[in-house]
Amino acid sequence: MVRMLLVGPPGAGKGTQAVLLSDTFSIPAISTGDIFRANVRDETPLGIEAKGYMDRGEYVPDSLTNALVADRLAQKDCESGFLLDGYPRTLDQVRALDEVLASQGNQLDVVVELTVDPEIVIDRIRGRATEQGRTDDSEDVVRNRLELYARETAPLIEVYGGRGLLVSVDGIGAIDDVTQRIVEELARRGFSA
Ligand code: AMP
């Protein structure tokens, strides 16, 4: 049973690790990016509203994002833990998440930061743009997303560090090695798969 989140810059490997950790710990992985992309693909009202922001490498407004996550966390499968990937990304989202969890009598157990060199991030994202055809993976948009991360999301690391929840893990290396590092760090904190 663990309630955790994964943070790190675009291209750090959050999505990949989220899927593997979700499997290892038998908890749902909740990726706001994936949820938005599915809505864009299905041309839902949420998708239509989110698409412009995503294509420009901007954050979708908190009003849309917070409601979406609150809804998702109220679902039954989150009762035995969850892994949030790509949320929260702003200090306002941290507050919103705190409130949602507090209203359930819960709180976060651990925050895993995936660290990577910015140069490596750009290389990875270039590869991903070719493989997956993500429309927000072009060079300009990626630069925008990295700047936004540094400005809006990096401050969260300090907040969670201050709460004693932060675990920083080197995100460079083979996928399985990174997963192993995370699993070991979690075990050290008493969360075993
Ligand atoms: P990701 O797949 O996590 O990199 O997310 C892709 C895009 O979805 C981001 O660049 C944002 O436009 C949007 N997005 C995902 N999560 C959030 C969030 N927590 N807050 C605002 N926008 C988000």
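Which polar side-chain atom lies 3.0 Å from a nitrogen atom of the ligand? In this predicted model, the atom belongs to Arg 89. A nitrogen atom of the ligand is 2.7 Å from a polar atom in the side chain of Thr 32. The protein buries 96% of the 480 Å² that the ligand exposes when taken alone.

The shell around the ligand comprises 16 residues, and those that come nearest are Thr 32, Arg 37, Glu 58, Gly 86 and Gln 93. By class, this shell holds six charged, five polar and five nonpolar residues. Helix α2 gives the most to it, with four residues; this helix spans residues 32-41.

The ligand takes up the space of the largest pocket, which has a volume of about 1,000 Å³. A total of 45 residues line this pocket, and Lys 14, Arg 37, Arg 128, Arg 134 and Arg 145 lie nearest its centre. The lining of the largest pocket consists of 17 polar, 16 nonpolar and twelve charged residues. At least two lining residues come from each of the helices α1 (14-25), α2 (32-41), α6 (118-132), α7 (139-162) and α8 (175-188), and at least two from strand β2 (29-31).

The second largest pocket has a volume of about 160 Å³. Its lining is formed by Arg 37, Val 40, Arg 41, Lys 51, Met 54, Asp 55, Gly 133, Arg 134, Thr 135 and Asp 136. Six of these residues are charged, two are polar and two are nonpolar. Helices α2 and α3 (45-56) each contribute at least two residues to this lining.

The residues lining it are Leu 6, Val 7, Gly 8, Lys 14, Gly 86, Tyr 87, Pro 88, Arg 89, Tyr 149 and Thr 153. Of these, five are nonpolar, three polar and two charged. Strand β1 (2-7) and helix α7 each supply at least two of the lining residues. Arg 89, whose side chain has a polar atom 3.0 Å from a ligand nitrogen, is part of the cavity lining.

Two features of the backbone were noted. Most residues other than glycine have a negative phi, and most peptide bonds are trans. The peptide bond between Tyr 87 and Pro 88 is cis, with omega of about -5°. Ser 26, which is not a glycine, has a positive phi of about 55°. This serine, Ser 26, is placed in the loop between α1 and β2, two elements that each supply at least two residues of the lining of the largest pocket.

Key
Residues are numbered from 1 along each chain as its sequence is written. This is a predicted model: local features need pLDDT of at least 70, side-chain atom pairs count only at pLDDT 80 or more; totals for chains, interfaces and linings use all residues. Side-chain values use heavy atoms; hydrogens and water are left out. On a 1 Å grid over the protein atoms alone, a cavity is a set of points where a 1.4 Å probe fits but cannot get out, and a pocket is an open set with protein on both sides within 12 Å along at least five of seven lines; lining residues have an atom within 4 Å of a point. Grid points are joined across faces, edges and corners, and a volume is the space filled by probe spheres set on the points. Ala, Val, Leu, Ile, Met, Phe, Trp, Tyr, Cys and Pro count as nonpolar, Asp, Glu, Lys and Arg as charged, and the others, Gly among them, as polar. A residue is near a molecule or strand if one of its heavy atoms lies within 4 Å of it. A polar contact is a pair of N or O atoms within 3.5 Å; within protein, one must be able to donate a hydrogen and the other to accept it, and residues adjacent in sequence count only if both atoms are side-chain atoms. Accessible areas come from the Shrake-Rupley method with a 1.4 Å probe; for residues, only the protein chains shown count as cover. A molecule sits in a cavity or pocket if more than half of its atoms lie within 2 Å of its grid points.
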